[in-house]
Amino acid sequence: MKEKYIEINLKRKALQELLEQVKLKSTSFSIVRYYNGYMSQEEYNDMQKKFMNKIVYEHEQRILDYQNNLNRYRDELNSLFHFIDEKEALDYFDELFNQELEVYENCQYCEFENQEPIVSDIPIEYLLKKEYTRMTPVSIGPVFEMFTFSMAAFDEVMSHMKKLFSPYKVFGGEFEDLCCYNGEKIIFKVCTHEDYAIVSEDIN
């Protein structure tokens, strides 16, 4: 799928026009908020397991991509870091892996077990999925509460978005990082804190 970046913080009319176009192509959407309320041990364990699986997978994939020079990955890294040999490259990947493990370990269950649940006015009739995650389509690391809705709830979110890259108050909380899907495929995503969005070129 061909994509294009948006780095201009669209406002009002331009933003609403874009969201209307995205809406026509989407079957569901998700929004997230930072989370520091209560979660069960099972929910915490599931979140951490998925995060660790991603860390391990990406570490192994980086090594394979380097060894196979996939999309000139080895050439690009060698031009940047001037590795003496493959062992030095592997040491570099191990260092990245250890940094990611530190991020993984900086989140402990004791931060959540004695907290109160965060109350929201979520439209349950439109809610497809709720999960605690450290991986969203645009961000990784912190703990997020991620809600996925049918498009029936989209107009409510649209009406509260004043700028493309600003958080918005909706459903009783402050949310960000809107992501729209056509089936399983992501066709639009906004990284609020880094001020960029990516949209499928199929959206005109």
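In which helix do lysine 54 and glutamate 58 both lie, and how many residues apart are they?

Guide: Happy to. Keep in mind that this is a predicted model. Both residues belong to helix H2, which covers residues 41-67. Lysine 54 and glutamate 58 sit four residues apart there, or about one turn of the helix. Their side chains meet in a salt bridge, with 2.8 Å from N to O. In general, side chains of opposite charge can pair when their charged atoms come close.

How open is that pair? Lysine 54 has a relative accessibility of 30%, so this residue counts as partly exposed. Glutamate 58 comes out at 27%, which means that glutamate 58 is partly exposed as well.

This pair is one of nine salt bridges in the structure. Helix H4, residues 86-105, holds another one-turn pair: lysine 87 and aspartate 91 both lie there, four residues apart. The closest N and O atoms of that salt bridge are 3.1 Å apart. Lysine 87 is exposed because its relative accessibility is 55%, while aspartate 91 has a relative accessible area of 38% and is therefore partly exposed. Shared partners also tie salt bridges together elsewhere: Arg33, Lys130 and Glu145 are joined into one network that way. There is also a salt bridge between aspartate 75 and arginine 72, where the closest N and O atoms are 3.6 Å apart. Aspartate 75 has a relative accessible area of 30%, so aspartate 75 is partly exposed.

Back to the helix of your pair, and how H2 packs against H4. Two packed helices are described by the angle between their axes and the distance between the axes. For H2 and H4, the angle is about 165° and the axes are 11 Å apart. Angles over 145 degrees count as roughly antiparallel, so H2 and H4 are roughly antiparallel to each other. The crossing of H2 past H4 is right-handed. On the H2 side, the residues making the contact include Phe51, Met52, Ile55, Val56, His59, Arg62 and Ile63. From H4, the contributors include Ala89, Leu90, Phe93, Leu96, Phe97, Leu101 and Tyr104.

Now the loops on either side of H4. Histidine 82 is in the loop between helix H3 (73-81) and H4. Most residues other than glycine have a negative phi. Histidine 82 has a phi near 50°, a positive value in a residue that is not glycine. With 59% relative accessibility, histidine 82 counts as exposed. The loop between H4 and strand E3 (127-135) is the place of glutamate 125. Glutamate 125 is exposed because its relative accessible area is 59%. From asparagine 71, glutamate 125 is 54 residues away in sequence and 45 Å away in space, C-alpha to C-alpha.

Phenylalanine 171 has a positive phi too, near 55°, and is likewise a residue other than glycine. You'll find phenylalanine 171 in the loop between strand E5 (168-170) and strand E6 (173-182). With a relative accessible area of 11%, phenylalanine 171 is buried.

One more stop, among the strands. Serine 30 is part of strand E2, residues 28-34. The relative accessible area of serine 30 is 1%, so serine 30 is buried. The side chain of serine 30 has a polar contact with the side chain of tyrosine 181, at 2.8 Å. Leaving aside neighbours within four places in sequence, the contacts of serine 30 are Met146, Phe147, Thr148, Asp177, Leu178, Cys179 and Tyr181. Asp177 turns up again with threonine 136, which is in contact with Val32, Phe144 and Asp177 once neighbours within four places in sequence are left aside. Threonine 136 lies in the loop between E3 and strand E4 (140-150), and with 12% relative accessibility threonine 136 counts as buried.

Terms used
Residues are numbered from 1 along each chain as its sequence is written. This is a predicted model: local features need pLDDT of at least 70, side-chain atom pairs count only at pLDDT 80 or more; totals for chains, interfaces and linings use all residues. Side-chain values use heavy atoms; hydrogens and water are left out. A salt bridge is a side-chain nitrogen of Lys or Arg within 4 Å of a carboxyl oxygen of Asp or Glu. Helices (H or I, at least four residues) and strands (E, at least two) are DSSP runs, numbered from the N terminus. Buried means under 20% relative accessible area, exposed over 50%, partly exposed in between (1.4 Å probe, protein chains only). A polar contact is a pair of N or O atoms within 3.5 Å; within protein, one must be able to donate a hydrogen and the other to accept it, and residues adjacent in sequence count only if both atoms are side-chain atoms. Contact means heavy atoms within 4.5 Å. Axes are lines fitted to C-alpha atoms, for helices over the stretch in contact, and angles run from 0 to 180 degrees between N-to-C directions. Angles under 35 degrees count as roughly parallel, over 145 as roughly antiparallel, 65 to 115 as roughly perpendicular and the rest as oblique. A crossing is left-handed if the near helix is turned anticlockwise from the far one by less than a right angle, and right-handed if clockwise.
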